[in-house]
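Open the model in your viewer and keep the selection panel at hand.

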Amino acid sequence: MARRKLAAGNWKMNGLSASIAELDALIENASGAAAEVLICPPATLIAAFAARAKDGGVVIGGQDCHAAVSGAHTGDLSAEMLADAGAAYVIVGHSERRADHGEMNAQVHAKAEAAWRAGLTAIVCVGETEAERNAGKAEEVVGNQLAYSCPDGATGSNMVVAYEPVWAIGTGRTPSNEDIAQMHGFMRAQLVFRYGNGGNEMRLLYGGSVKPANAAEIFALSDVDGGLVGGASLKATDFSAIVAAASG
Ligand code: PGA
């Protein structure tokens, strides 16, 4: 199975109802794109975005979910709620969740299973800190996160992995192309070892300061199947250029 490239936008804590204008522009620009196009807006906008994007060739996702179906968890959202609002994907284990909310691999693992229970595709995020890379531990850290965050039963259609070096997120810095390709090759080997051919079918995204200017060269690297994009996904003009790079 050929892996279809995925251009995923992570809006983080940005966007009000007026931001639907950016979605409209993206739907127009991305129509007919070869790449799959995903926007993960804040949860307050999922239902409106999903309704608007339904026939527009853009899919909508959440940025996090609770592992339980329902219950006494004030402020949390279940994967079922995201699905009910029209989401098809959910990001789990983003480094900002791991850092700001103390999420550990076991929780990320449970959230990925919750995503599947609700029929969502899980985007599992992994990535080393700068100190870990400088200590020569990047592969060890990422290998560990993969092993403990990804549940058994992962396939090319229910899981995407995003490699996001923490030091590259929102900083304008990226690893060298060689380092990205090396890490993606390492992750591919780990996933194939564990999941067999399913590991070949999973999409591996690169994330961290992807911009229109660097997207095409990064997406052309072997085992890079698209990007998870923060800042540059907020403006339809920038993200459309990234979608075009993923489609090229
Ligand atoms: P960035 O964020 O593109 O703004 O670096 C990426 C991410 O955190 O997913």
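Start with Glu-164: one of its polar side-chain atoms lies 2.6 Å from an oxygen atom of the ligand. This is a polar contact, meaning a pair of N or O atoms within 3.5 Å. The model is predicted: local features need pLDDT of at least 70, side-chain atom pairs count only at pLDDT 80 or more, and totals for chains, interfaces and linings use all residues. Residues are numbered from 1 along each chain as its sequence is written, and side-chain values use heavy atoms, with hydrogens and water left out.

Next select Lys-12, where a side-chain N or O atom is 2.7 Å from a ligand oxygen. The ligand taken alone exposes 290 Å², and the protein buries 97% of that (accessible areas by the Shrake-Rupley method with a 1.4 Å probe).

Now show the 13 residues around the ligand; Lys-12, His-94, Glu-164, Gly-170 and Ser-209 come nearest (near means a heavy atom within 4 Å).

Move on to the cavity. Which residues line the largest cavity? Select Trp-11, Glu-22, Leu-23, Leu-26, Ile-39, Ser-233, Leu-234, Lys-235, Ala-236 and Phe-239. A cavity is a set of points, on a 1 Å grid over the protein atoms alone, where a 1.4 Å probe fits but cannot get out; lining residues have an atom within 4 Å of a point. The space in the largest cavity is about 30 Å³. Finish by colouring α1, which gives the largest share of this lining, 3 residues.

Key. Polar contact = N/O pair within 3.5 Å; in protein donor to acceptor, adjacent residues only side chain to side chain. 1 Å grid on protein atoms, 1.4 Å probe; cavity = no way out; pocket = protein on both sides within 12 Å on 5 of 7 lines; lining within 4 Å. Points joined across faces, edges and corners; volume = space filled by probe spheres on them. Helix = DSSP H or I, 4+ residues; strand = E, 2+ residues; numbered from the N terminus.
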